[in-house]
Amino acid sequence: MHDLVVRGGTIVDGTGRERFTGDVAIEGGRVVALGSVQGRGRREVDARGALVTPGWVDVHTHYDGQVTWDPLLTPSSWHGVTTLVMGNCGVGFAPVRPGSESFLIELMEGVEDIPGTALSEGIDFCWESFPEYLDALEGMPRVLDVAAQVPHCAIRAYVLGERAHDTELTSDEIDALARLTLDGLRAGAVGFSTSRTILHRSVHGLVPGTHSRPEELLAIGRAMGEAGHGVFEMVSDGVGSKEEMEWMRTFCRESGRALTFAIAQTAFDPTGWRRMLARADELVAQGERVVPQVPCRPTGMLFGLQCSLHPFITHPSYRAIANLPLAERVAKLRAPAFSAQLLAEEPQTHDRIARALMSNWAGVFPLGDPPDYEPPADLSVAATAAREGRRPEEVALDWLLAREGKELLFAPLANYVDCDFEALREMMLHPRTVLGLSDGGAHCGLICDASMPTYLLTHWARDRKRGARIPLETAVRLQTKNTADVWGFFDRGTLEVGKKGDLNVIDLDALALAAPEMVHDLPAGGRRLIQRARGYRATVCAGEVTFEDGEPTGARPGRLVRGGSRA
Ligand SMILES: [Zn+2]
């Protein structure tokens, strides 16, 4: 008798091959039969009329803290993710010297907008080294598999202490960083990550490693080469520039490791992404493994009265009421005299980036319910204001006050220069790219993109009307085999005999995203944006049903995935 048989579903197996109807049998956590399965299962899942796909593999998340207190790892687990990779963008919580935990918390709070109080209360720092962190993770039961990368900021803080932000390092210090990377990888890290962007800041300024010199990065690369596994992940403003390409090329050559970096279409260089893809093609043609990372929708800032940012958040009148409960703020903002005063003011911030973000009216849209992440240009605040002969600020304020002040405005941060997804589609379908950047668990007050895997099916494979869709079989492959392969998870990512028994049973017709909402369920009452889904009939990890119709079953089959193991 099999442990589990998923019966009669439409199997989209993750390889990209055409869907077929059949059963999936799992035993001992692995797929043992596919097609027509005669034997019964101790447990049977009826998948008739539903899709059966591999579990989603999300390679870009920031659950490094949450993973230590939350066995459910929502929102990602609500969206069918069965394997996630943490420790991206250079931030994380190991290694850490006793007494300097707060520095790493401040970095995570600054870069990823995860409430520091939640992290302080939630994390029980029972480790010092990265290997000890992995051991701690291994001992905690959870619903899905997790894997971790060595964060550059943490090893810099560990080696350099107060000088964590320095760029001039001694060769001994560089050796120490390389040694910690090697130790982390040997213990089972699945990669190393760093940040080279001015967008990532904390109370201490740009994060450690932002301006690291090539000799430091190359030493880390050689350590990765010695370990023989692991992906180098980074977010860099310089990708595409000559200097950056130069060390990236040398890095790939000397380390032999895959290098993945975020690319995006930006307003100041709307076609730069094509150049970057062309450079990636060049490097790949020379035998290097470079993997540009792209999301399946624009990284979407959500402006709302409960969020970290909205167009009035620095206005003096708003600041005066900012700490009132939401209902009272809404009442004030609805009062004509108060709103007239507010609308007569200007944002009071000297932060040019924040100011530009908050008043880019042609790039702010109503998100709506169900949420629309590909809204046409004529729905923007600017277009609506022009049509109605009003000021954009009036329109934005009206929208923010809808649904008792819980309405969210969608302000795409990148990849939406032309107000549609054609650039994104080309990036997603480029043979060198990998899907990522959901930032699951992060940006709690401003962004909620952990739902990207669900959106890939609802929008790209099913609903898109403003341009071509992506065939279902391709969409599934992008979020399963493709992501799994880049990180070396060769035991999963497809539904084939011998692979891990991770899968989703999805009612594609019913599959839908709820509107994001703000909740206060983090430790210390910390807030976060969450987003739920409907239509996942079941999620299975290692042959155990972890979610049924969106509700956790109580099963905790998730494990730590260690890189380099030949499982
Ligand atoms: Zn990130």
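Two strands pair if DSSP finds at least two bridges between them. By that rule, β14 (residues 258-262) and β15 (residues 290-294) pair in the parallel sense over four bridges. The model is predicted: local features need pLDDT of at least 70, side-chain atom pairs count only at pLDDT 80 or more, and totals for chains, interfaces and linings use all residues. Residues are numbered from 1 along each chain as its sequence is written, and side-chain values use heavy atoms, with hydrogens and water left out. Helices (H or I, at least four residues) and strands (E, at least two) are DSSP runs, numbered from the N terminus.

**Zinc site**

- Four residues supply the protein donors of the zinc ion: His60 (NE2), His62 (NE2), Cys89 (SG) and Asp439 (OD). They lie 2.1 to 2.5 Å from the ion.
- Donors are N, O and S atoms within 2.8 Å of the metal (3.2 Å for Na, K and Ca). Water is not among the atoms, so sites may look incomplete.
- The angles among the four donor atoms run from 78 to 167 degrees, and the site is irregular.
- Four donors count as tetrahedral if all angles lie between 85 and 135 degrees. Four count as square planar, and six as octahedral, if opposite donors are over 155 degrees apart and all others between 65 and 115; anything else is irregular.
- The sequence spacing of the donor residues is H-x1-H-x26-C-x349-D.
- His62 and Asp439 link distant parts of the chain, 377 residues apart. His62 sits in the loop between β6 (56-58) and β7 (81-85), Asp439 in the loop between β19 (434-435) and α17 (452-463).
- Both His62 and Asp439 are buried. Buried means under 20% relative accessible area, exposed over 50%, partly exposed in between (1.4 Å probe, protein chains only).

**Parallel sheet**

- Six strands make an open sheet with parallel pairing, in the order β9-β10-β13-β14-β15-β19.
- β9 (150-151) and β19 are at the edges, each with a single partner strand, so one side of each has no neighbour in the sheet.

**Antiparallel hairpins**

- β25 (residues 536-541) and β26 (residues 544-548) pair in the antiparallel sense over four bridges. Val540 has Val545 of β26 as its bridge partner.
- Two residues separate the strands in the β25 and β26 hairpin, where Ala542 takes a positive phi near 50 degrees.
- β26 also pairs with β27 (residues 551-552), antiparallel, over two bridges. Here the bridge partner of Phe547 is Pro552 in β27.
- The β26 and β27 hairpin has two residues between the strands, and Asp549 takes a positive phi near 50 degrees.

**Salt bridges**

- The whole structure holds 40 salt bridges. Each is a side-chain nitrogen of Lys or Arg within 4 Å of a carboxyl oxygen of Asp or Glu.
- Asp3 and Arg42 meet at 2.8 Å, N to O. Asp3 is in β1 (residues 2-11) and Arg42 in β4 (residues 41-46), 39 residues apart.
- Asp3 is partly exposed at 28% relative accessible area, while Arg42 is exposed at 58%.
- Arg562 and Asp135 meet at 3.0 Å, N to O. Arg562 lies in the segment after β27 and Asp135 in helix α3 (residues 130-138), 427 residues apart. Asp135 is partly exposed at 46% relative accessibility.
- Arg334 bridges to Glu404, with the closest N and O atoms 3.9 Å apart. Arg334 is in helix α10 (residues 326-334) and Glu404 in helix α15 (residues 402-405), so the pair ties together parts 70 residues apart in sequence.
- Arg334 is partly exposed at 44% relative accessibility, and Glu404 is exposed at 55% relative accessible area.
- Salt bridges with shared partners join Asp145, Asp491, Arg492, Lys500 and Asp502 into one network.

**Individual loop residues**

- Cys419 is in the loop between β18 (409-412) and α16 (422-429). Cys419 is buried, at 13% relative accessible area.
- Cys419 and Cys89 are 330 residues apart in sequence and 27 Å apart in space, C-alpha to C-alpha.
- Leu199 is in the loop between β10 (191-196) and β11 (201-202). Leu199 is exposed at 57% relative accessibility.
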